[in-house]
Amino acid sequence: MARKEPLLSAFKGGVLRLREDGGPCTDTSPHLASLCQLLECILRKGLRQPAWGFRRRDYWHWLEQLPTGDSGRPTPLSISIQKAGSCEKARTAQGRGRYFLRLALQGKVLAAAMQQLAQTPRLLEVQHTVGELWGEPLPTGDGQRNGGVINGGVSLFQFYDPVSSILGNEDLLEPFLSLLLVVTEMDFSLDLQNCSFLDESWLLPVCITYETVPCRVLGMVLRYVDGRVFVTEVLPESQVEVDEVVLAGDVLDEINGCSLRNAYSGQAGAMLQKLKGQPLSFRLLRWQWHDGGVYEPLLPYLKVLKEKEPRFQLQRSPRCRGEGESQRLQGGRLLYNLRYLGRTGTGEYSGKEVLDRAIPAVLERHSAAQEVLFDVKEAEVLVQEKTSSKLLCRYPYPTISCVGRCMDSSNLFAFCVAASPESPDGSTFDCLVFASSSEQECEEIIRRIGKGTVCVFRYHHSEIVEYQELLFWSTTCKI
């Protein structure tokens, strides 16, 4: 009669709770982390360790040795194992094992991995040879390797103890596989890029994507602590402060898809030098967790950071945004809440002087304003309906000829776009007019759009002021 196993009972309860949540399971599910912890405990239970204190074993060490299949062609399981093994952000066996489990949940290959283990007895019975334990090449002759054993097939160590483990016990392995098949039927939608702290914890940080266009100086002061890149200050009047996404205390995890895990001092600045003049996409890890407190795995790093920079303070919110709901967070990006007032055609005229006539022409119509979300991205401008987030229009920067605002109406701005950019004999242009909540917001939007267009200006009747931005990257820790 099979013994009762509390871990299996707890795991069954976790699976049922996750199913009751309904819909695809995401990283915000309250039961996901506890289920993963239980799964890890099951995989570690009864895992034999080397007798002489060599490299401590974890379940990843047998996962990475699973056969790739009889045909030699990649399978979903082998692809997941390969991804986990080559992940730059997971640097330990614990981190790679956890990353694999997340990949396996999303890819529905977790049950397949356990079934493959059960069908590969040498992994249940044998792990290290003498040479592998000492980190030396295997000897030849009598000590030649044969199926993972040496000296006539003597097994020196086993992965799982058949008495105390679940995976090494046939009576317990069967119900465990049945539960994994239930998990395989569930849908998971996980942020698999969020894996930089799996070496330390199952708790995942809040991730934010920050996209910006090339500018003279971004305005972030960076400090490197044990391979992680911290933002220690957001400089006043900088592009980063204007964009209101980055906070002091955040961690730079990626720049344009390149990982900064285990970064050397100055690596972020060197990467930005190579990307000079290109749109930038930063992946940030927030110091603040979902409950409003400090993300716990960051505490040791923040302690070291405070010792190095006694004046460092965690920043809880952007400095320059006033009261009121002037922006909305969507998919990790901040969108402006604006009112769209209308458009008017300007014919073949697209220069800055047309705004002097186009803005009053739109205002004189007294058309009903439409509430919209305005997204200034790295390569285009998107306008969405506020209530439904339905995309109304998109304008790549090459189609925008100018942007500006009227000094008499400080919260209004407009830009001209090519109405027929594909026309071979020349384009016609439209002028679109928007109202924002403040003059400061107007200037901010104009500045951001202007970095991707030919010129940016304000006008006051016949008076026109042009701005030009130089593309320049600082090589110091201020970027």
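Modeller: A salt bridge here is a side-chain nitrogen of Lys or Arg within 4 Å of a carboxyl oxygen of Asp or Glu. Please keep in mind that the model is predicted.

Colleague: How many salt bridges does that rule give?

Modeller: The count comes to 19 salt bridges. One of them joins the side chains of Glu40 and Arg98, with an N to O distance of 2.9 Å. Glu40 belongs to helix H2 and Arg98 to helix H5, so this pair ties together parts that are 58 residues apart in sequence.

Colleague: Are Glu40 and Arg98 buried or exposed?

Modeller: Both Glu40 and Arg98 are buried.

Colleague: And what does Arg44 pair with?

Modeller: Arg44 forms a salt bridge with Asp58, and their closest N and O atoms are 2.8 Å apart. Arg44 lies in helix H2, while Asp58 sits in the loop between H2 and helix H3, so the pair connects parts 14 residues apart in sequence. Arg44 is partly exposed, at 29% relative accessible area, whereas Asp58 counts as buried at 8%.

Colleague: Which strands are tied together by Arg394 and Glu380?

Modeller: The side chains of Arg394 and Glu380 meet in a salt bridge of 3.1 Å, N to O. Arg394 lies in strand E11 and Glu380 in strand E10, so the pair ties those strands together. Arg394 is partly exposed at 44% relative accessibility, and Glu380 is buried at 17%.

Colleague: Which residues are linked in a network of salt bridges?

Modeller: Lys89, Asp191, Asp253, Glu254 and Arg283 are linked in such a network.

Colleague: Changing topic, which residues of helix H13 are buried?

Modeller: In H13, which covers residues 355-364, the buried residues are Leu355, Ala358, Ile359 and Val362. Viewed down the helix axis, they fall within an arc of 95°, so they line one face of H13.

Colleague: What about the other side of H13?

Modeller: Arg357 and Glu364 are exposed there. Just after H13, His366 takes a positive phi of about 55°.

Key. Residues are numbered from 1 along each chain as its sequence is written. This is a predicted model: local features need pLDDT of at least 70, side-chain atom pairs count only at pLDDT 80 or more; totals for chains, interfaces and linings use all residues. Side-chain values use heavy atoms; hydrogens and water are left out. Buried means under 20% relative accessible area, exposed over 50%, partly exposed in between (1.4 Å probe, protein chains only). Helices (H or I, at least four residues) and strands (E, at least two) are DSSP runs, numbered from the N terminus. The arc is that of the directions from the helix axis to the C-beta atoms.
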